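Open your viewer and get your selection tool ready. We will go from one selection to the next and look at what each one shows.

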Amino acid sequence: MEDRQKYVLKKLKSGDEGTYISLFEEYYVGLCAYSRRYVGRKDIAEDIVSETFFKIWENRRKLEITGSIKSYLFQAVANNSLHHLRKLRKEEKLDDYFSGTENENIGFKEVAENITENSLLIKELHSRIEEAVNLLPPQQQTAFRLKRFEGKKNKEIADEMGLAVKTVEMHLSKAVISLRKNLQDYLPAFLLFMLLK
């Protein structure tokens, strides 16, 4: 299996169109369904998956895949789906986006709404996050708690902690990197938690 992975990757990196088309045909439908769980819309999911494949072809010579190609593809689509939602949130279009997807399949909004405070997933996730946050250095821990649990802006955190805003941003960035590493078994749910806060 590992030899086949290396062979496929080698062919892909060399620009073999047959290998690329084969991967596309094998995973496209599954990746679209996976992306749709995040973004809630078939057309957007298809765009995200197509763009993911396009970027893979465009950057094929630089590809570094240590695990399975399947895992790589699904992780890339998850990242691109979350990036799409973050962009909408930044542009304050998230509510409008989801208001137009009521007739679509389950969608990210329904997934988000079903993760209530009483759900086992969110209880377990909060427990794991709390444990991981407790392991952070004191200033990272304080900055993260103020940001994620109290909803304060970076400037407010900086004033409260007596630090520069850039220093707060550095602490928050390092905290998220550490938490993603410590919560890798819960990564999809943790990313959801970070997005919805």
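Start with α9 and α10, which pack at an angle of about 105° with their axes 9 Å apart. (Axes are lines fitted to C-alpha atoms, for helices over the stretch in contact, and angles run from 0 to 180 degrees between N-to-C directions; helices are DSSP runs of H or I with at least four residues, numbered from the N terminus.) The two helices are therefore roughly perpendicular to each other, a label for angles of 65 to 115 degrees. To see the contact (heavy atoms within 4.5 Å), select Asn154, Lys155, Ile157 and Ala158 of α9 together with Val165, Val168, Glu169 and Leu172 of α10. Colour them by type and you get 5 nonpolar, 1 polar and 2 charged residues. Here Ala, Val, Leu, Ile, Met, Phe, Trp, Tyr, Cys and Pro count as nonpolar, Asp, Glu, Lys and Arg as charged, and the others, Gly among them, as polar.

A word on what is on your screen: this is a predicted model, in which local features need pLDDT of at least 70 and side-chain atom pairs count only at pLDDT 80 or more, while totals for chains, interfaces and linings use all residues. Residues are numbered from 1 along each chain as its sequence is written, and side-chain values use heavy atoms, leaving out hydrogens and water.

Next, select residues 154–161, the whole of α9. Which of its residues are buried? They are Asn154, Ile157, Ala158 and Met161, where buried means under 20% relative accessible area with a 1.4 Å probe, protein chains only. Look down the axis of α9: these buried residues fall within an arc of 100°, so they line one face of the helix. (The arc is taken over the directions from the helix axis to the C-beta atoms.) An α-helix has 3.6 residues a turn, so residues three or four places apart point the same way. The buried residues of α9 pack against α8 (138–149) and α10 (165–182).

Now show α8 with α10: their axes come within 9 Å and cross at roughly 90°. That makes α8 roughly perpendicular to α10. On the α8 side, pick Gln139, Gln140, Ala143, Phe144 and Lys147; their partners in α10 include His171, Leu172 and Lys174.

Finally, move to Thr52 in helix α3 (residues 42–58). Thr52 is buried, with a relative accessible area of 3%. Its side chain is joined to that of Asn80 by a polar contact of 2.8 Å, meaning a pair of N or O atoms within 3.5 Å, one able to donate a hydrogen and the other to accept it, with residues adjacent in sequence counting only if both atoms are side-chain atoms. Leaving aside neighbours within four places in sequence, Thr52 is in contact with Ala76, Val77 and Asn80.

Methods
Buried < 20%, exposed > 50% of the residue type's maximum accessible area, 1.4 Å probe, protein only. Parallel < 35°, antiparallel > 145°, perpendicular 65-115°, else oblique.
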